[in-house]
Amino acid sequence: MTGSDPGDFLGVDAELTVDERDIRDAVRQFAEVELTPHVAEWYENATLPARDLAKAFGRLGVLGMHLSGYGCAGSSAVAYGIACRELEAVDSGLRSFVSVQGSLAMYAIHRYGSEEQKQRWLPPLASGEAIGCFGLTEPDAGSDPASMRTRARRDGTDWVLDGTKMWITNGTVADVAVVWAQTDEGVRGFVVPTDAPGFSAHEITRKLSLRASLTAELVFDGVRLPSDAVLPGVTGLRGPLSCLNEARFGIVFGAVGAARTCYETALEYTTTRTQFGAPLAAYQLTQRKLADLVVEVNRAGLVALRLGRLKDAGELHHSQVSFGKLANVRAALDVARTARSMLGANGISLEYPVMRHAANLETVLTYEGTEEMHALSVGQAVTGIPAFRVNT
Ligand code: FAD
């Protein structure tokens, strides 16, 4: 294996096209210069220079990069995934920023919006001049969004929106929120400017995970919206679920990045730290752990690339995305925890990235569909029997 990249043991990146490799290199270089030097501080202070970051991500071209037109790059799904991988190699919160903007807010408008909504919002969201968020989860409706209580009712030609959304990434800094609500016609999506009277966003503090990401409760208190605020292209939960599927796809790749960073940190640490007169890496128990990490990181990378190629061919089924999210986030979490142990006391410090990644991955395991929901999705795919509800 002389000359091989220990982080890419199977040479998975050799399968990338030239364009995909160029995007990898550009995002990796951006991350090294603009993100890595600051991320521990952002995490420790639970803050993020969201406006500046949005514009920097816009200049890099990663916001809605897999969409076409309206200032979006129109790149392949694999290229988008690779960008997510390189961002999440720094921090899951930074990949979340790009996922929520591109795969949730922008995708919803791009796929289901009117021409006016697209013209109004997509170019500034792609450039990072505007920030978007996506409100589906509520205090009493998480895995089961069908039980949402947020409601939009018609009043003349207007809509009036009432309710609360919880755990909304970028909610406090967003210019526009894509909000899902019950209506007499079923669940509909609404494009809500955050300066609308009756809208308020409240930061959720005391998070122990995804601290380099802003999370909010959104309150809609009689928010009056014009008739054309509704997304015309979809009715029912199919709308938000299709958007989540896009974001989950990014997570399948992103988790590989987080795992790779943890593995590389453990490799570097154990080859340089000496105990009992030899580098930690010289001990068989350490090599066993390193071998496990290499296997997990590379297997996850292969899963991501396979799903990416299926998506680019238009053949990716949502249960396969569930497979990928389930497998890769679980693998990344295992890698992060093992790497943490290999760094001993230093493993718990923000001087090293492993504990930060491990803590972040607890959120990644839960959001965009929990581990259990994706297990049920795969279970349904292989048995034909849905087991999401108790039969009463
Ligand atoms: P619950 O649904 O209450 O689940 C609790 C536990 O019960 C889980 O383990 C779950 O798997 C299990 N469970 C539930 N139902 C079943 C079942 N039928 N069978 C077996 N087990 C079950 N949401 C947004 O809309 N927009 C965002 O931008 C956003 N950002 C987020 C950012 C962060 C930092 C976090 C932590 C969450 C974010 N979320 C967002 C919310 C996230 O998507 C939800 O937390 C997630 O869907 C789970 O919902 P819940 O937390 O209400 O858990």
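Tutor: Let us start with a rule: two strands count as paired if DSSP finds at least two bridges between them. Keep it in mind as we go through this predicted model.

Student: Happy to. What makes β3 and β6 a pair?

Tutor: β3 is joined to strand β6, residues 176-183, by 4 bridges. The rule asks for at least two, so the two strands pair.

Student: Which way do the residues of β3 point, and are they buried or exposed?

Tutor: Gly132 and Phe134 point one way, Cys133 and Gly135 point the other way, and all of them are buried.

Student: How do you know that β9 pairs with β5 and with β8?

Tutor: The same rule settles both, because it asks for at least two bridges. Strand β8, residues 199-203, is linked to β9 over 5 bridges.

Student: What are the spans on either side like?

Tutor: The unreviewed entry at UniProt gives "domain: Acyl-CoA dehydrogenase/oxidase N-terminal" for residues 19-129, where the chain is 76% helix and 4% strand. For residues 236-382 UniProt, again in an unreviewed entry, has "domain: Acyl-CoA dehydrogenase/oxidase C-terminal". There the chain is 78% helix and 3% strand, with 25 Å between the end C-alpha atoms.

Student: What domains does the domain assignment give?

Tutor: It gives domain 1 (10-125), domain 2 (131-234) and domain 3 (237-381). The centres of domain 1 and domain 3, taken over C-alpha atoms, are 19 Å apart. Their contact takes 28 residues from domain 1 and 30 residues from domain 3.

Student: Which elements supply the domain 1 side of that contact?

Tutor: α1 (18-45), α3 (77-88) and α4 (92-112) each give two or more residues. The largest share, 10 residues, comes from α3. By class, this side of domain 1 has 15 nonpolar, 6 polar and 7 charged residues.

Student: Now the ligand. Which residues are closest to it?

Tutor: The closest are Thr137, Gly142, Ser143, Thr370 and Glu372, out of 20 residues that surround the ligand. By class the shell divides into 9 nonpolar, 9 polar and 2 charged residues.

Student: Where in the chain does that shell come from?

Tutor: β3 (132-135), β5 (158-169), α9 (354-366) and α10 (371-383) each supply at least two residues. β5 gives the most, with 3 residues. In terms of domains, at least three residues come from each of domain 2 and domain 3.

Student: Why is Ile251 called buried?

Tutor: A residue is buried if 20 or more other C-beta atoms lie within 10 Å of its own. Ile251 has 30 such neighbours, so it counts as buried. This residue lies in helix α6, residues 238-272. Leaving aside neighbours within four places in sequence, Ile251 is in contact with Lys325, Val329, Val364 and Glu368.

Student: What makes the backbone at Ala46 worth a look?

Tutor: Its phi is near 50 degrees, a positive value in a residue other than glycine. Most residues other than glycine have a negative phi. Asn170 also has a positive phi, of about 65 degrees, and is not a glycine.

Student: Where is Asn170, and is it buried or exposed?

Tutor: Asn170 sits in the loop between β5 and β6. With 26 C-beta neighbours inside 10 Å, against a cut-off of 20, Asn170 counts as buried.

Note on methods:
Residues numbered from 1 in each chain as written. Predicted model: local features only at pLDDT ≥ 70, side-chain atom pairs only at ≥ 80, totals over all residues. UniProt positions renumbered as here; feature names shortened; annotations may be inferred. Near = placed C-beta within 6 Å. Nonpolar A, V, L, I, M, F, W, Y, C, P; charged D, E, K, R; others polar. Domains from an automatic or database assignment. Contact = placed C-beta atoms within 7 Å. Buried ≥ 20, exposed ≤ 12 C-beta atoms within 10 Å, placed from the backbone.
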